[in-house]
Amino acid sequence: MAEVLIFVDHVDGAVRKPTLELLTLARRIGDPVAVALGNGAADTQAALAEHGAVKVLTHEAAEYADYLVVPKVDALQAAYEAVSPAAVLVPSSAEGKEIAARLALRIKSGVITDAVDLEVADGTLVATQSVFAASYTTKSTVMTGTPVITVKPNSAAVESAPAAGAVEALTVSFSEQATGTKVTSRTPRESTGRPDLTEAAIVVSGGRGVNGADNFAIIEALADSLGAAVGASRAAVDAGWYPHSNQVGQTGKSVSPQLYIASGISGAIQHRAGMQTSKTIVAINKDAEAPIFDLVDYGIVGDLFDVVPALTDEVKARKG
Amino acid sequence: MSLRIVVTVKYVPDATGDRHFADDLTLDRDDVDGLLSELDEYAVEQALQISENSDDDVEITVLTVGPEDARDALRKALSMGADKAIHVEDDDLHGTDAIGTSLALAKAIEKAGYDLVISGMASTDGAAGIVPALVAERLGVPQVTLLSEVAVADGKVTGRRDGDTASEQLEAQLPAVVSVTDQSGEARYPSFKGIMAAKKKPVESWDLDDLDIEAEQVGLAGAWTKVASADERPARTAGTIVKDEGEGAKQLAEFLAGQKFICTSHVPVPRPNSL
Ligand SMILES: Cc1cc2nc3c(=O)[nH]c(=O)nc-3n(C[C@H](O)[C@H](O)[C@H](O)COP(=O)(O)OP(=O)(O)OC[C@H]3O[C@@H](n4cnc5c(N)ncnc54)[C@H](O)[C@@H]3O)c2cc1C
Ligand SMILES: Cc1cc2nc3c(=O)[nH]c(=O)nc-3n(C[C@H](O)[C@H](O)[C@H](O)COP(=O)(O)OP(=O)(O)OC[C@H]3O[C@@H](n4cnc5c(N)ncnc54)[C@H](O)[C@@H]3O)c2cc1C
């Protein structure tokens, strides 16, 4: 069976969920061979094997943390040359897309970004994209070279499918460009203890209607009652009420949870671009004409300061 | 000393309009008004600020690859304060993919001469966010991308990149390719004076021959990717909308419980994406 190269997104050996989703998708095409780089690379083995990796190629070097993007491109290219895969799949983070694009150019292959599904039709790998703020669904193929495709989080359910996952050391020689952009300092994001926004099954978001940083506590309380991540509109972020890392939308995170609850958010196209593929959409807004209501499965026309805390109480009561 | 900045700007269909695909599965540009991709205004803004904060002579050139109307995007950037513009225009460019676009941009940037390239974080149509990295790869210079803060001094560019798990300070020697996010600082509005001045600023027009690019390297025919189908997403079936008259939270909780979103122990098992 053909091999499929998977770029592993991990933090010090902890594999992030989108990579496990990629392994599930990759098994539709062939045998997944994972590439894990940097600090803790070998520690990814158990999770990757559990989800179907037949092989895990690892390489640790300070360059991956000390310089931007290019060292990882060099390594992925080395893995590509070692394996000659049928496709290369990379999680659709900002960095993942840049790595994929540069690799594609080097190996003379087309690149497709932000796929939400993959299938093989008549022997060709077909990627589904959701474009123009999710108003269109396109199907695309790579015409030249080995398909290099980045896949959005939440595009497949994670399935376990234990495989050998034998660890092999990857040999990498860094290019001249590898040390071009130095990372002079790094401040890790503090964990809130809540699920990761892009990976969460439920997202509860607040917008300008929340009207103040302190008021976000009611959004957080609802999120915590549901085990959800917290999101925000750009208006709320620009006002300084919530961190930019929680912004949902075109220039924030793109989320695709099972449930998205928008409170005090009007539903501008740039916000919709980041949440329109959510499975179930709920909105609470006091303006019955707000465009967000065009998207909802369930909408409440009302004051969020009444509805949100009461909903939190209802959820808690039902959980007993 | 002088500093030559090339800002790449894309002409895109207005995102608030009704965007469609044409019969050849490329963007239907006749259907909806085009404009300078809003996220590229941030790139122009940062170029202007670098210029204003610099003791050097700074020359800002705005560059687009696009159809005839893309000139409007260049005019907007010139009216914000850029010095001159380059329009890469050729019928054979119709339907170019990201790899091809980066080829045309890189060739034009080299021909124009540059110390610094500044791009937007992503276009507002294709929205891949990969062209700056591709241009850096082609030019063989550092990529310093997705910056929410940027500064140039002593032949170096520095900036802050806010990633998923960490915020990083970056540094590279010029020449380099930078891209900036919409966190980098509001873009200015063109003044009346700026708009009038823009009319007199030079706009050069280059075709594929000028850039030594063969027709088969770009366009729909030369694209390394192909769109096989494009289907408008069916309108969502009308949801339930209720007015809160004191019972709203209860009704909503009922709905959420019915969908099994309220669980006693764990969040529901995700279903596969079905679009
Ligand atoms: C290039 C570009 C990129 C952008 N990227 C993003 C992005 O990534 N994400 C994003 O979100 N936006 C983005 N925007 C901004 C976007 O266009 C909107 O301005 C923004 O989404 C509006 O946020 P909002 O819905 O919170 O605010 P508003 O549009 O002001 O809506 C507030 C809503 O709250 C309701 N409300 C007020 N008080 C209450 C109350 N007490 N109870 C209930 N409801 C109440 C109001 O009825 C209103 O509908 C971008 C814009 C541009 C130009
Ligand atoms: C809905 C849609 C989906 C697409 N998907 C793919 C795909 O998966 N793979 C693929 O190869 N192509 C794809 N394309 C084609 C691609 O959009 C174009 O080739 C485009 O010119 C470059 O990609 P982008 O718009 O995503 O730009 P991005 O990579 O998002 O742009 C980032 C920055 O690069 C600069 N830039 C980009 N294009 C230009 C330009 N023409 N002139 C000047 N500066 C520019 C701007 O500074 C911009 O802010 C898609 C197009 C559409 C409309």
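This is a predicted model: local features need pLDDT of at least 70, side-chain atom pairs count only at pLDDT 80 or more; totals for chains, interfaces and linings use all residues.
Me: How many bridges join strands S13 and S15 of chain A?

Reply: Look along the two strands. S13 (residues 202-206) and S15 (residues 259-263) of chain A pair in the parallel sense over five bridges. Take one residue as a landmark: Ser205(A) has Ala262(A) in S15(A) as its bridge partner.

Me: Which residues of helix H6 of chain A are buried?

Reply: Start with the general idea. An α-helix has 3.6 residues a turn, so residues three or four places apart point the same way. Now the case. In H6 (residues 216-226) of chain A, the buried residues are Phe216(A), Ile219(A), Leu222(A), Ala223(A), Ser225(A) and Leu226(A). They pack against S13, S14, helix H7 (234-238), S15 and H9 of chain A. Just after H6(A) comes Gly227(A), with a positive phi of about 70 degrees.

Me: What is the pairing in the open sheet of 10 strands?

Reply: Check the strand directions across the sheet. The pairing is mixed, and the order is S11(A)-S5(A)-S4(A)-S1(A)-S6(A)-S10(A)-S7(A)-S8(A)-S9(A)-S12(B). Strand S11 (166-169) of chain A and strand S12 (225-232) of chain B are the edges, each pairing on one side only. Neighbouring strands of this sheet are turned by 35 degrees on average, direction ignored.

Me: Where does helix H4 of chain A pack?

Reply: H4 (residues 70-83) of chain A packs on that sheet, touching strand S1 (3-7), S4, S5 and strand S6 (87-91) of chain A. Its direction makes about 170 degrees with that of S1(A). Now look at helix H5 (residues 94-106) of chain A. H5(A) lies across S1, S6, strand S7 (111-121) and strand S10 (148-151) of chain A, at about 175 degrees to S10(A).

Me: Are helices H1 and H2 of chain B roughly parallel or roughly antiparallel?

Reply: Compare the axes. Those of H1 (residues 38-52) and H2 (residues 71-80) of chain B come within 10 Å and cross at roughly 30 degrees. That makes H1(B) roughly parallel to H2(B), since angles under 35 degrees count as such. Their crossing is right-handed. The contact uses Glu41(B), Val44(B), Glu45(B) and Leu48(B) of H1(B), with Lys76(B), Ala77(B) and Met80(B) of H2(B).

Me: Is Val6(B) buried or exposed?

Reply: Val6(B) sits in strand S1 (residues 2-8) of chain B. Its value is 1%, so Val6(B) is buried; the cut-off for buried is under 20%. Beyond its neighbours within four places in sequence, the contacts of Val6(B) include Thr61(B), Leu63(B), Ile109(B) and Tyr114(B).

Me: What does UniProt place at residues 4-183 of chain A?

Reply: Treat a record as a label on a stretch. An unreviewed UniProt entry gives "domain: Electron transfer flavoprotein alpha/beta-subunit N-terminal" there. Over residues 4-183 of chain A, the chain is 26% helix and 34% strand.

Key. Residues are numbered from 1 along each chain as its sequence is written. Chains are lettered from A and ligands numbered from 1 in the order in which they are written. Side-chain values use heavy atoms; hydrogens and water are left out. Two strands pair if DSSP finds at least two bridges between them. Helices (H or I, at least four residues) and strands (E, at least two) are DSSP runs, numbered from the N terminus. Buried means under 20% relative accessible area, exposed over 50%, partly exposed in between (1.4 Å probe, protein chains only). Contact means heavy atoms within 4.5 Å. Axes are lines fitted to C-alpha atoms, for helices over the stretch in contact, and angles run from 0 to 180 degrees between N-to-C directions. UniProt positions are given in the numbering used here, feature names are shortened, and annotations may be inferred rather than shown by experiment. Angles under 35 degrees count as roughly parallel, over 145 as roughly antiparallel, 65 to 115 as roughly perpendicular and the rest as oblique. A crossing is left-handed if the near helix is turned anticlockwise from the far one by less than a right angle, and right-handed if clockwise.
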